Structures are given as structure tokens and as C-alpha cells.
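Work through these exercises with the structure open beside you. Try each task before you read its solution.

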Amino acid sequence: GIAIAAAGTSSAVWPKDADAAMVMFPPEELNNRYILMRAGEDELLARDEIMTNKVYTNAFDHALTNTGKKQVVSAYKSIE
């Protein structure tokens, strides 16, 4: 344990033992699931244009194309 002493005193106070219900790391079993997915085709990509201005690329008139929408649905179904 770690000794804790107040300034100007010589007596140390020892912390209590950890509670038995405490979560221990690393856990015996990990249940996390991480999925990396690329965005579907959008209007800019379909026109082979590169745009990095987020105000412009997030505009509704640069949304997913019909192909991009199908790509997203297909990707979603593959991870269910």
C-alpha cells in the first residue's frame, strides 16, 4: 500500500484493502466489437472531385448518391 501522512506529522495512515467487488483489469474476457466503415459514395466522389472544406462537404446538396445509399445499406446488413 501507499502511506499517506499529513504535513508536519510523523504518523502514516494506510489505506484500507481494495474491495473484493472491484473490477480488475485486464478483464478475463473482452466483449468489445469495433467496426470500421468507409462512407458511401457522395456527389463529390461521383464527380471525382476532392473537397476538404467541411462547410462545403457537409452541405445537403453533396449528400450520398443512390449508389452510396445502397453501399451503406449493404454494409449495415453485412454487420447485423
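This is a predicted model: local features need pLDDT of at least 70, side-chain atom pairs count only at pLDDT 80 or more; totals for chains, interfaces and linings use all residues.

**Exercise 1.** Which side chains meet in a salt bridge, and how exposed are the two partners?

*Solution.* 
Step 1. Count first. The whole structure holds one salt bridge.
Step 2. Name the partners. The salt bridge joins the side chains of Arg47 and Glu49. Their N to O distance is 2.9 Å.
Step 3. Test the distance. A salt bridge needs the nitrogen within 4 Å of the carboxyl oxygen, so this pair qualifies.
Step 4. Classify each partner. Arg47 has 43% relative accessibility, so Arg47 is partly exposed. Glu49 has 37%, so Glu49 is partly exposed too.

**Exercise 2.** Where is Thr65, and which residues does Thr65 contact? Decide how covered Thr65 is.

*Solution.* 
Step 1. Locate Thr65. The loop between α2 and α3 contains Thr65.
Step 2. Classify it. The relative accessible area of Thr65 is 10%. Buried means under 20%. Thr65 is therefore buried.
Step 3. List the contacts. Set aside neighbours within four places in sequence. Thr65 then touches Glu41, Asp42, Glu43 and Ala46.
Step 4. Pick out the polar contact. The Thr65 side chain makes a polar contact with the side chain of Glu41, at 2.7 Å.

**Exercise 3.** Now approach from the other side. Which residues does Glu43 touch?

*Solution.* 
Step 1. Locate Glu43. Glu43 belongs to helix α1, which covers residues 43–46.
Step 2. List the contacts. Leave out residues up to four places away in sequence. Glu43 touches Asp61, His62, Ala63, Leu64 and Thr65.
Step 3. Compare sequence and space. Glu43 and Asp61 are 18 residues apart along the chain. Their C-alpha atoms are separated by 7.8 Å.
Step 4. Classify Glu43. The relative accessibility of Glu43 is 29%, so Glu43 counts as partly exposed.

**Exercise 4.** Where does Lys70 lie, and how far apart are Lys70 and Gly40 in sequence and in space?

*Solution.* 
Step 1. Locate Lys70. Lys70 is in helix α3.
Step 2. Take both distances. Lys70 and Gly40 are 30 residues apart in sequence. From C-alpha to C-alpha they are 8.0 Å apart.
Step 3. Classify Lys70. With 63% relative accessibility, Lys70 counts as exposed.

**Exercise 5.** Step back to the protein chain. How many helices and strands are there, and which element has the lowest mean pLDDT?

*Solution.* 
Step 1. Count elements. The chain has three helices and zero strands. Along the sequence the pattern is α-α-α.
Step 2. Check burial. Of the 80 residues, 8% count as buried.
Step 3. Check the confidence. The mean pLDDT of the chain is 75. A pLDDT of 70 or more is reached by 68% of the residues.
Step 4. Helix α2 (residues 54–57) has the lowest mean pLDDT, 70. Helix α3 (residues 66–79) has the highest, 92.

Methods
Residues are numbered from 1 along each chain as its sequence is written. Side-chain values use heavy atoms; hydrogens and water are left out. Helices (H or I, at least four residues) and strands (E, at least two) are DSSP runs, numbered from the N terminus. Buried means under 20% relative accessible area, exposed over 50%, partly exposed in between (1.4 Å probe, protein chains only). Contact means heavy atoms within 4.5 Å. pLDDT is the predictor's confidence in each residue, from 0 to 100. A polar contact is a pair of N or O atoms within 3.5 Å; within protein, one must be able to donate a hydrogen and the other to accept it, and residues adjacent in sequence count only if both atoms are side-chain atoms.
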